[in-house]
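Hi everyone, thanks for coming. I'd like to walk you through one model today, so let me put it on the screen.

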Amino acid sequence: MAQQDDRGRRRAFDVLVRPHIGVLYRTALRMTGEGQAAEDLVQDTCLKAYSAFDRFELGTNFKAWLFRILTNGFIDGQRRRARTPDVEGGAVVEEQADPGTGNPEIHVLYRDFRTEAFRALADLPPDLRTVLSLSMAGGFTYGDIAGLTGVPVGTVRSRLSRGRAILRDRLREFIPEGPRRVTPNRVTPNREEQDR
Amino acid sequence: MSPLDRPPMTCKEARDALSDRLDGELTPGDAAGLDAHLQGCPACARYAREVAFLHRELPAQLQDGKDDGAIWDRVQAALEADQSVAAPISSRRRSLLKVGMAASILLAAGVGGAVLTRRSDIDVAAETINDYLTFRASGKTLHIAAADPAAIETWLEERLDFDLAIRSPHPAALQLTGGRLCSFLGRRLAALHFVGDGAAHADASLYVMRAEGLSLPDQPDRVVGDRPYRATRQQGITSIIWKDSDLLYAAVSPIAEERLLQFAASV
């Protein structure tokens with residue numbers, strides 16, 4: 001009887017989680033910046049979710065519940081990391097590797113938009129990276145993200161805007177030039193022009 | 001206040017509003033103010049085009065091509081393993097067989113990440129030797145490459161539910177070069193990698209895991225100091241296993257048993 005209950009519980013869990021596994025991973029990938037850590041985060045999230053599954057209230061938003069566990073797991077990991085002083089010589093191979101190939105040499109030789117996009121995202125402060133990941137990959141609204149991260153909607157809004165501005169500054173070389181508007185005696189604008 | 005009554009947006013306000021528009025969160029009133037600002041501000045108009053380009057293109061760029069099915073398989077194997085740790089020994093063995101089957105499928109499919117091995121019983125020596133050989137043959141890199149034990153310890157402890165205490169420097173001419181996170185025997189393990197130097201070139205892996213639910217092999221004890229060690233040799237590889245409080249250690253290497261024992265005693 002107990003085994004049947006366990007099997008039923010596990011089946012229900014699988015049915016609810018499976019549709020979100022892709023977006024869960026892609027959100028984790030944007031948060032962590034590399035595949036192995038993203039897999040670890042997704043695995044930890046699912047293990048925690050399963051152990052707390054009895055506390056999930058049917059009829060409430062399962063996706064939000066799952067992503068709250070993911071977000072908390074990421075934030076907790078960042079806090080632990082922040083408490084640990086940097087150690088010289090402690091380079092993590094995966095962080096040096098190209099996210100797609102796993103080959104560190106390619107990281108150096110093949111500087112492309114994709115590699116730089118991963119780097120730019122990874123260099124964002126974790127609070128900006130978290131809201132951008134939840135918005136870009138998770139497709140959550142400002143209200144959802146505020147609920148997941150525990151910060152006000154206005155803070156979510158400003159973090160998203162700030163994150164986009166930083167990414168745009170970092171990745172401008174990969175953005176194609178748009179059509180230039182010609183005005184008398186002036187071609188507007190060029191890349192060096194100061195923003196107002 | 002109607003949109004017409006509002007003061008013109010500043011560039012900062014316009015850029016925040018642009019971000020709202022990309023997220024589908026811009027109110028109609030702010031939309032009018034934003035469009036008015038963009039009409040008269042070339043810098044913000046360019047900014048709008050650039051952030052819109054990134055909003056459109058980044059989702060495709062920030063992928064690593066990993067298959068959802070592979071992620072799901074790993075989660076399934078982890079759930080099986082996690083349940084098996086809490087279960088009684090008889091059902092744990094059944095669950096571990098399932099994990100073994102899932103692992104075989106993952107390995108056959110060339111899926112990285114979870115390092116799992118096929119198993120027929122709880123045999124620490126066989127499993128660690130198997131993992132050691134699989135890792136050497138796979139050509140995969142260490143999860144963290146560092147000579148400093150503290151760096152490796154930090155990285156691994158963030159992913160484990162027990163504390164490591166890595167002593168350095170090691171005698172026996174084996175130097176710590178990095179570590180891996182493994183998942184087999186129904187639990188997460190740390191695998192520390194050591195290499196020899198010069199003519200004595202060789203390598204060794206030191207596996208550290210929770211001892212709960214595992215028993216030491218039946219081989220005769222070797223005693224160094226007052227601690228018993230179990231030495232097993234399979235497929236040309238020696239595994240020396242010992243227990244210290246609630247952790248189990250396995251030193252695995254092709255080097256001679258006496259030298260590996262000396263290495264084990266130094267940890």
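Let's begin with a crossing: α1(B) and α3(B) cross in the right-handed sense, meaning that the near helix is turned clockwise from the far one by less than a right angle. Helices here are DSSP runs of H or I with at least four residues, strands are runs of E with at least two, and both are numbered from the N terminus. Helix α1 of chain B covers residues 11-22 and helix α3 of chain B residues 42-61; they pack at about 25 degrees, with axes 10 Å apart. Axes are lines fitted to C-alpha atoms, for helices over the stretch in contact, and angles run from 0 to 180 degrees between N-to-C directions. The two helices are therefore roughly parallel; that label is for angles under 35 degrees, with over 145 roughly antiparallel, 65 to 115 roughly perpendicular and the rest oblique.

Which residues make this contact? On α1(B) they are B:Cys11, B:Arg15, B:Leu18 and B:Leu22, and on α3(B) they are B:Ala43, B:Cys44, B:Tyr47, B:Ala48, B:Val51, B:Ala52 and B:His55. Contact means heavy atoms within 4.5 Å. By class, that gives 9 nonpolar, 1 polar and 1 charged. Nonpolar covers Ala, Val, Leu, Ile, Met, Phe, Trp, Tyr, Cys and Pro, charged covers Asp, Glu, Lys and Arg, and the others, Gly among them, are polar.

A quick word on what you're looking at: this is a predicted model, where local features need pLDDT of at least 70 and side-chain atom pairs count only at pLDDT 80 or more, while totals for chains, interfaces and linings use all residues. Residues are numbered from 1 along each chain as its sequence is written, chains are lettered from A and ligands numbered from 1 in the order written, and side-chain values use heavy atoms, without hydrogens and water.

Staying with α3(B), please look across to chain A. Helix α7 of chain A, residues 113-123, packs on α3(B) at about 100 degrees, with the axes 10 Å apart, and the pair is therefore roughly perpendicular. Here A:Phe113, A:Arg114, A:Ala117 and A:Phe118 meet B:Phe53, B:Leu54, B:Glu57, B:Leu58 and B:Gln61.

Next, β6 (227-234) and β7 (237-244) of chain B pair over 5 bridges. B:Gln234 has B:Ile237 as its bridge partner, and B:Ala231 stands opposite B:Ile240. This hairpin also has 2 residues between its strands, with B:Gln235 in the turn at a positive phi of about 55 degrees.

Methods: Two strands pair if DSSP finds at least two bridges between them.
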